[in-house]
Amino acid sequence: MMRRITLLLVVSFLAVSCGGDEPAAATDRLLVAAASDLRPAFEELGERFTAETGVPVGFDFGSSGQLAQRLIEGAAFDLYASANVAFVDQVLAEGVGDAATRRTYAFGRLVIWAPQERWAGWERLEDLAEDEGVVTLAIANPEHAPYGAAAQEALRATGTLEAVRGRLVYGENISDTQRLVETGNADVGILALSLAVAADERGVGRWVLVDEDLHDPLQQELVVTANDQDRAALARGFVDLVDGEEGRAVMRRFGFLLPGDEAPS
């Protein structure tokens, strides 16, 4: 699979360097706007992509909604990987991106997460509402972060949203939400499983899965947003890596459910 990517990139570079007025330097770096839950998996895949192709990857991780707005306002990203389908719909509706390249690449999961020293053995969202020791509960901002919207939906489904509303603190994105908990600015958080797994690899934190029946599936989609064919070729090469055997193994390791694997509830 990576040999195919390398060939594609060589063709792209030759096309740029041998024709047109655009300098070759314009395609020497792939620019990816990606939801924050993707940071651990995509950073690893970016290193593999660069090792195979010699092309650096620049990531901008943030909330899907804020990244979508930046794209609509003209930000020059080559690939947009959202944590849900709605924001891909939004950018395409505004004329950004190639609809033929959109695809579902993963399904995310929610967890209750806290550092080991503050872990109190919670098993359900209802336990957080009942625990008076939980003074602050962090979720991502549901207005523009899909994991925050899913957390809010799950709290509402269990009848605990009103009980914890006064205790909620909001991260700008799901990575920022984890930071609030890890730094002691919140007692516990509702996070992406991928970030909990990455924290496990650092020896930090305890977690338990949130019942996925409590919220709509976190169906994550991407779309190529490059404005020229050479940059689009780079973006498609990275997508091939994500969708290939090597990339899928990395995504699974960080807890994502993948198309063609076990279907989400």
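Reader: Is His215 buried or exposed in this model?
Author: The model is predicted, and the relative accessibility of His215 in it is 6%. A residue under 20% relative accessible area is classed as buried. Because 6% is the value for His215, this residue counts as buried.

Reader: Where is His215 placed, and which residues is His215 in contact with beyond its neighbours within four places in sequence?
Author: His215 is in the loop between strand 9 (206–209) and strand 10 (218–224). With neighbours within four places in sequence set aside, the contacts of His215 are Leu110, Ala150, Glu153 and Ala154.

Reader: How much of the chain counts as buried?
Author: The chain contains 11 helices and 10 strands. It exposes about 11400 Å², of which carbon and sulfur atoms supply 48%. Among the 265 residues of the chain, the share that counts as buried is 54%.

Reader: What share of the contacts with a separation of 6 or more comes from residues 24 or more positions apart?
Author: The contacts considered here are those in the chain with a separation of 6 or more. Residues 24 or more positions apart account for 76%.

Reader: How far apart are the end C-alpha atoms of helix 2?
Author: Helix 2 covers residues 39–53, and its 15 residues should span 21 Å at 1.5 Å a residue.

Reader: Which residue just after helix 2 takes a positive phi?
Author: Within helix 2, the buried residues include Pro40, Phe42, Leu45, Phe49 and Thr53. Just after this helix, a positive phi of about 80 degrees is taken by Gly54.

Terms used. Residues numbered from 1 in each chain as written. Predicted model: local features only at pLDDT ≥ 70, side-chain atom pairs only at ≥ 80, totals over all residues. Heavy atoms only, no water. Helix = DSSP H or I, 4+ residues; strand = E, 2+ residues; numbered from the N terminus. Buried < 20%, exposed > 50% of the residue type's maximum accessible area, 1.4 Å probe, protein only. Contact = heavy atoms within 4.5 Å. Areas by Shrake-Rupley, 256 points an atom, 1.4 Å probe, with all protein chains shown as cover. Expected span 1.5 Å × (residues − 1).
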